[in-house]
Protein chains: 2
Amino acid sequence: MTRQSQLLLPTLREAPSDAEAASHRLMLRAGLIRQLAAGVYTYLPLGRRVLRKLEQIVREEMDEAGAQETLLPAMQPAELWKQSGRYDVYGPELVRLRDRHDREFALGPTHEEVVTMLVGGEVGSYRQLPMTLYQIQTKFRDEKRPRYGLLRGREFLMKDAYSFDEDWEGLHRSYMGMYDAYNRIFTRAGLRYRAVEADPGSIGGEGGTHEFMALAEIGEDTIAACDCCDYAANLEKAEYERASSEGSAGITPQAGVPAKVHTPDARRIEELAALFQKGAEAFMKTLIYMADGRPVAVVVRGDHEVNEIKVKNALAAAALELADPETTERVTGAPVGFAGPIGLGIPVLADYAAMEMEEGIAGANEKDYHIKGIIPAVHLAGAQAGDFRNAAAGDACPRCERGRLRFHRGIEVGHVFKLGTKYSEALNAKFVNAAGEERPFIMGCYGIGVSRLLSAVLEQHHDGSGIVWPESIAPFAVHVIPVSAKDRVQTDMAEHIAARLAEAGIETLLDDRDERPGVKFKDADLIGIPIRIVVGKRAAEGLVELKRRSEADAETLSLEEALAIAGAK
Amino acid sequence: MTRQSQLLLPTLREAPSDAEAASHRLMLRAGLIRQLAAGVYTYLPLGRRVLRKLEQIVREEMDEAGAQETLLPAMQPAELWKQSGRYDVYGPELVRLRDRHDREFALGPTHEEVVTMLVGGEVGSYRQLPMTLYQIQTKFRDEKRPRYGLLRGREFLMKDAYSFDEDWEGLHRSYMGMYDAYNRIFTRAGLRYRAVEADPGSIGGEGGTHEFMALAEIGEDTIAACDCCDYAANLEKAEYERASSEGSAGITPQAGVPAKVHTPDARRIEELAALFQKGAEAFMKTLIYMADGRPVAVVVRGDHEVNEIKVKNALAAAALELADPETTERVTGAPVGFAGPIGLGIPVLADYAAMEMEEGIAGANEKDYHIKGIIPAVHLAGAQAGDFRNAAAGDACPRCERGRLRFHRGIEVGHVFKLGTKYSEALNAKFVNAAGEERPFIMGCYGIGVSRLLSAVLEQHHDGSGIVWPESIAPFAVHVIPVSAKDRVQTDMAEHIAARLAEAGIETLLDDRDERPGVKFKDADLIGIPIRIVVGKRAAEGLVELKRRSEADAETLSLEEALAIAGAK
């Protein structure tokens, strides 16, 4: 039994005004965490308890999946990162330091290099494969904008796992083993989530990747999910079934000649739509990008958004970024807002939907002018057509082709990656296969942001009065509260109940503080223990109230009934 | 059940030649750890399992003692360390870094500053006291000479705890609570240790401090312990009962006049002893120190060692260090080796035992000359007499006065400190007492090197063939080994036994590798699981061999008898 009077549980009526996310506010108010520096948090006893429960769920499911727990160092020699090529790529998010002998180290945000060197040095034969190693460890990433409490921190708790296989079939089995374990973990943690297809991004990898997304409005990712089948993907990766007209050849060009129109100060689609009295879908949005340092123009329909990943992949570019205003002006001859695909001396990539327009309006590459009557099939004949846009809400599902895509916001709480040989080749980590040949390991990597998961659960599990913990990770199972701290009958019975529960192995918090009932109940709602047993005036009759945090009403029960429901038989 | 064929357990016949300590060699050979950089180690699955058991013992005993688990950040703003004054004092052992905004951080080697700020901010009233917070966390200390594997690493696992009380009586109770918990922890871990009195050292603190020392030859500390009572102290702090003659006044000066003797190149006591044909106790060793930048001479008998802590305390000096040769020459007028107490123009501190000598020989403060016939009571009348030497083996015990002090080597695995108000005053952390007055918290701090403890246990628990784990922290409880991997009767029975044990919740390792029996048994001895069940030729009769790692002989038992002994009823 834990006595609330002795517990470091500083609840707050109000959260600091800079705490934007609900989970952040609740963690501060319910005394789970305190900030030490931007993105760097202390876990108070209540927060530590919940974090340990999450760790334990993760550990059990990793062990169940056959992964082996290790602990890899946070301090990693910079040479390893240089050898993998990530020392420069990772940029300022990598925390760097020098030791007393001026040797460079990185503080691990992830451990591909270390684990690849380890297994490369210790595992020589295919007979020892497959092998998956994991750890639960504090990680460091110097985020540019740490925010939302534990959702985007600079020091955070992560479970990372790495699989080693002899071939791609083996990797797929290891990957699916982790995929299944992740589903069990998030389900046990009480999370509403979706596993979505994602882009491999900078971590590299030749194979597939899925992200596990907690559904929450605060999420920084957009998920496109079918309303009919189980297709779901990160927006950056989401595909869609093109409408039957899209991409088909042989639209008959309509008569008409492009004409320049004076559009003073109208740069944005909304401004143009108002000026032309047309919908956004009548325009051709033209953006100038730098692909590995060379300018390209990307054209999408006015109601669509460019998908940079698709553009990057189509160009096989290592880096793609929107051109700065000066470059745009130099390339187009006009300030930002007046770019168009006609007469540009650079490669033009036009999305299928833009190419399918009968005619469209685009910038004239001249300040304060646009051109109307552009017929893509005629005037954009030299452009590279392709899928360069984000899926849009209402697009047809690419898998079932019957459903429509809907958008959700999500928080990435886990990811599984097929890495292939990216690291094993860079770090020369090889094994000998059954035929006696040296081969690089085929690797996968698998992460769960444990502290972020805690935030994600809170985004979903709260109401206006505070936290509503899922039982599996609640800091305590039962909260025992005598209404009056001065009434010996009440306090004695509360002590008795708490002692009986503790004896039965139930994690019990006893509110033994000398506080007014209102304060105690407000705190109890805020910290959200699943079962509350209130010992009030009817204690003398042997009666108590039992209320579940997730339900509105309390029941009046005998002492023994309440104990039985709370788990002390 | 864990299958050895799938476990990352790379055993080695030989340890790298630079591994000096037995524990270091064993941890490498038995596949517990691997080095990533100097003083930075990876824990492989076997090492991680043992570390987790130690963590669990520590956690249970901390919880039992009423301490509350937290998790404080590794990244600490440098300002906090500047405020406490430790940023400069800590020197190059403090790992420092700058974030992307060029703000300075330290990686915590310890958390006094962070926890003091936290409690100062959150705890306002004496009603919430006493409070003890703890954490189990990776720490960083940039050791000048990392060595002995986990005994002196740069990244290591530590349990640190901090107590907050309203007065010194409360601190003493908190301190004794931790002291008792430490005894339970080290006993459960199977460690032979002594709790010894120690010097507070640089961490500061006005009160007492104890170190918990694992007894081991490799230890870097010397412990003086009574052979009669339970007195034990770190040599730097050890006291002794002075012989009845020592320190008494009124020795009658003997006749005689000091005489200069030519002693070419004789600088060290051994050289002088040979030259004069006298024992070391006939000489007066004179050393020049710099105390807060000013030179002082310290005189001890030739067979004694200066105790710098005692000198420092007697002078109330903040810093004391041996003078460099140039300074010694400047102060004494002679090179190192010829200093003596006569005619020096600086303060002289003479140890009681030196003052008690009837006459002695010391340096003449002139190259290649010593002086004999020095009568301390006459010629050192101006010196400050005191206890300035280390206890020596054979000295009388200061507590029981009957026993004699004996010396042991020890590894510091834990310490408990009475800090008092050092940090609460520096960081302005205050509470309001019952009288309504603001008071700084009275603090204690309590550390256990968890990874170092693992090494210390191994220094004590091994034999020529490998590790002999204490049951409480063994990575597995039972090791099941079929002699022949090709004999189906043996392998089936081994599988059956391992499955039965696993079902009963016994942590079981099954050696299912296709290896020769000699290899399997050598590995089994090396990794040292407490109970080994060998399934050999008599499997067909239903018989197996059970051997405890700590015993020389095996017993032949029926399958069911062996299972019962191993814990599967």
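This is a predicted model: local features need pLDDT of at least 70, side-chain atom pairs count only at pLDDT 80 or more; totals for chains, interfaces and linings use all residues.
**Entry 1**

I started with Pro130(B), which I found in the loop between helix 5 (112–122) and strand 8 (131–140) of chain B. The peptide bond from Leu129(B) to Pro130(B) is cis, and its omega is near 0°.

Then I looked up Pro130(A) in chain A. Here a cis peptide bond joins Leu129(A) and Pro130(A), with omega about -5°. Pro130(A) lies in the loop between helix 5 (112–122) and strand 8 (131–140) of chain A.

I wrote these bonds down because most peptide bonds are trans.

Next I checked backbone angles. Most residues other than glycine have a negative phi, so I went looking for exceptions.

Asp102(A) is not a glycine, yet its phi is positive, about 65°. I placed Asp102(A) in the loop between strand 6 (95–98) and strand 7 (104–107) of chain A.

Tyr148(A) also has a positive phi, near 60°. I found Tyr148(A) in the loop between strand 8 and strand 9 (155–165) of chain A.

How much area do chain A and chain B bury between them? I get about 4,700 Å², with 59% of it on carbon and sulfur atoms. Leu8(A), Leu71(A) and Arg100(A) supply 15% of the area that chain A buries against chain B, more than any other three residues.

Counting residues, I have 56 from chain A and 56 from chain B in the contact.

For charges, I count eight salt bridges between chain A and chain B. I picked out the one between Arg154(B) and Asp99(A), where the closest N and O atoms are 2.9 Å apart.

Which helix of chain A gives the most to the side that touches chain B? That is helix 2 (residues 45–64) of chain A, with six residues. Sorting the side of chain A that touches chain B by class, I get 31 nonpolar, nine polar and 16 charged residues.

**Entry 1: a helix pair in chain B**

Last, I looked at how helix 1 (residues 22–29) and helix 13 (residues 450–460) of chain B pack. Their axes are 8 Å apart and the angle is about 100°. Angles of 65 to 115 degrees count as roughly perpendicular, so helix 1 of chain B is roughly perpendicular to helix 13 of chain B.

I listed who makes the contact. Helix 1 of chain B brings Ala22(B), Ser23(B), Leu26(B) and Met27(B), and helix 13 of chain B brings Leu454(B), Ser455(B), Leu458(B) and Glu459(B). I sorted these contact residues into five nonpolar, two polar and one charged.

Notes: Residues are numbered from 1 along each chain as its sequence is written. Chains are lettered from A and ligands numbered from 1 in the order in which they are written. Side-chain values use heavy atoms; hydrogens and water are left out. Axes are lines fitted to C-alpha atoms, for helices over the stretch in contact, and angles run from 0 to 180 degrees between N-to-C directions. Helices (H or I, at least four residues) and strands (E, at least two) are DSSP runs, numbered from the N terminus. Angles under 35 degrees count as roughly parallel, over 145 as roughly antiparallel, 65 to 115 as roughly perpendicular and the rest as oblique. Contact means heavy atoms within 4.5 Å. Ala, Val, Leu, Ile, Met, Phe, Trp, Tyr, Cys and Pro count as nonpolar, Asp, Glu, Lys and Arg as charged, and the others, Gly among them, as polar. Buried area is the accessible area (1.4 Å probe) that two parts lose on being put together, summed over both. A salt bridge is a side-chain nitrogen of Lys or Arg within 4 Å of a carboxyl oxygen of Asp or Glu.
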